[in-house]
Amino acid sequence: MNNQRWMSQNFFIFFMTWGVFLPYWTGWLVEGKGLSVSEASLIMSFGLVARGASTLFAFPLASRRWSNKTVIVLLTGGALLAALLYIPANSFTTLFAVTLIFSMFYPALLPALDSTAGILVQHGRLHYGKSRSYGSLGFIISVLILSVITGYFGDSAILWVMIIMLIAMLLMLNFTAAPEVLLVKPEKTKSNFSIRSLWNIKGFPLVLLIVVLLQGAHASYYNYGYIYLQDLGVSKYYIGMIINIGVIFEILYFAKADNVFGKWKPASLLVLSAAGSTVRWLLVAFFPNVWVFVISQSLHALSFGVAHYAFILYITQKLPKDQIPNAQGVYSALALSWSTAILTLLGGSLYEIEPGYAFLGMIICTIPALLLSLRFRARS
């Protein structure tokens, strides 16, 4: 199969499952399993901790033992089995335990797929932005489909949709021919790269710190954006459409990123992302208006998309193949899991004082990220 098509299809189906997990999973624990909001939030917080541990340690270790495709298949199979365990689980304790297991497998698919894409980019056989845009498209389609399904069958259908999509992903992985480079087992040598050696790569610690700040700054948006729009008087039907606006701009960015930004240095992309992110949260904080929020959604392409693309571009340019899984694991754990978990607590405290403060508080990350990006660009 064409490498571009294989990667695009797998991004598409995975982000369809992500469209179930990211917006709906906490709500499903509350409405579908009868937990309180505080209980569901506690479970999801510990799930983020487990997710970070898995992507930081277990995923890189697996990548040193098995081929890229085998790792993705194992993670998908483990996620499917863990999802099935949710069916009999009804108490807080059992749901807590199952969520920890699920979080060890399912979210690690994100860095696994990004690592796979990075390897194909290094071999000159993939336009990352084009393939990644199919993932964003899958996310939008999934959200729209699930809004219709839950309207007919209720929130209990959320788990079954996730299970069906994971089965579809597993079948696609097993019945489509993967690129040959993804079937090669890593060689076991005494000089295997370790996570610790990443810190010796010039520029990597600084780049990682910048993307940790930029991705963590989405904490208030991810956790309180839905509630904030409700406070502004927006109906639930339109909230889903407004949230999808950001993903649409993300799709447009990734579709054109390779052509428009392919020659940009990662440092310049990080400056652009930090500036756009700062403007985004200032708009939301100082102008509590639905239309301003809608306009700010266009900046999601900068605050998230450009930062993510810059990191992928940096590691594919600067890191050897064997280090890419380690870098993806660290990125997923620190930037996409633990920083978000910590800043969620800050955003929640600020939201109780004044909703706009939760978004304003995120500039404590974006402004330092902007200054560090400018410094990085000057050094580059």
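**Close-up views of a predicted helical chain**

Figure 1. Residues are numbered from 1 along each chain as its sequence is written, and side-chain values use heavy atoms, with hydrogens and water left out. The helix that holds threonine 340 is α14, residues 324-353 (helices are DSSP runs of H or I with at least four residues, strands are runs of E with at least two, and both are numbered from the N terminus). Beyond the neighbours within four places in sequence, threonine 340 is in contact with Gln215, Gly216, Ala219, Asn223 and Ala335 (contact means heavy atoms within 4.5 Å).

**Figure 2. The protein chain as a whole, for orientation.** The chain contains 16 helices and zero strands. Its radius of gyration is 20 Å, close to the 21 Å given by the globule rule for 380 residues, so the chain is as compact as a globular protein of that length (the radius is taken over C-alpha atoms, and the rule is 2.2 Å times the number of residues to the power 0.38). Along the principal axes, the C-alpha atoms fill a box of roughly 55 × 50 × 35 Å. Buried residues make up 56% of the 380 in the chain. Among contacts with a separation of 6 or more, 85% join residues 24 or more positions apart. The chain exposes about 16300 Å², of which carbon and sulfur atoms supply 67% (areas come from the Shrake-Rupley method with a 1.4 Å probe; for residues, only the protein chains shown count as cover). The mean positions of its 24 positive and 12 negative charges lie 15 Å apart (Lys and Arg count as positive, Asp and Glu as negative, and His and the chain ends are not counted; each charge is placed at NZ of Lys, CZ of Arg, CG of Asp or CD of Glu).

**Figure 3. Tryptophan 25 in the largest nonpolar core.** This core has 127 residues, and Trp25, Phe102 and Tyr106 touch the most other members (a nonpolar core is a set of buried Ala, Val, Leu, Ile, Met, Phe, Trp, Tyr and Cys residues joined through side-chain atoms within 4.5 Å). Helix α1, residues 3-31, gives the most to the core, with 15 residues. Apart from neighbours within four places in sequence, tryptophan 25 is in contact with Val20, Met44, Tyr86, Phe102, Ile158, Leu159 and Met162.

**Figure 4. Phenylalanine 102 in helix α4.** Phenylalanine 102 belongs to helix α4 and is buried, its relative accessible area being 0%. With residues up to four places away in sequence not counted, phenylalanine 102 touches Phe21, Trp25, Ala79, Ala82, Ala83, Tyr86, Pro107, Met162 and Leu166. Between the C-alpha atoms of phenylalanine 102 and proline 266, which are 164 residues apart in sequence, the distance is 33 Å.

Figure 5. Tyrosine 106 is buried, with 0% relative accessible area. Outside the four places on either side in sequence, tyrosine 106 touches Phe14, Thr17, Trp18, Phe21, Ala79, Met162 and Leu166.

**Figure 6. Asparagine 10 in helix α1.** Asparagine 10 is placed in helix α1 and is buried at a relative accessible area of 1%. Neighbours within four places aside, asparagine 10 is in contact with Leu113, Met169, Met172 and Leu173. Threonine 176 is 166 residues from asparagine 10 in sequence, yet their C-alpha atoms are 10 Å apart in space.

**Figure 7. Threonine 116 in helix α5.** Helix α5 covers residues 109-122 and includes threonine 116, a residue that counts as buried at 0% relative accessibility. Threonine 116 touches Trp6, Met7, Asn68, Ile72 and Leu182, with residues up to four places away in sequence left out.

**Figure 8. Isoleucine 251 in helix α10.** Isoleucine 251 sits in helix α10, residues 236-260, and is buried with a relative accessible area of 17%. Residues up to four places away not counted, isoleucine 251 touches Ser133, Ser136, Leu137 and Ile140. Lysine 130 is 121 residues from isoleucine 251 along the chain, and 8.7 Å separates their C-alpha atoms.

Terms used
Predicted model: local features only at pLDDT ≥ 70, side-chain atom pairs only at ≥ 80, totals over all residues. Buried < 20%, exposed > 50% of the residue type's maximum accessible area, 1.4 Å probe, protein only.
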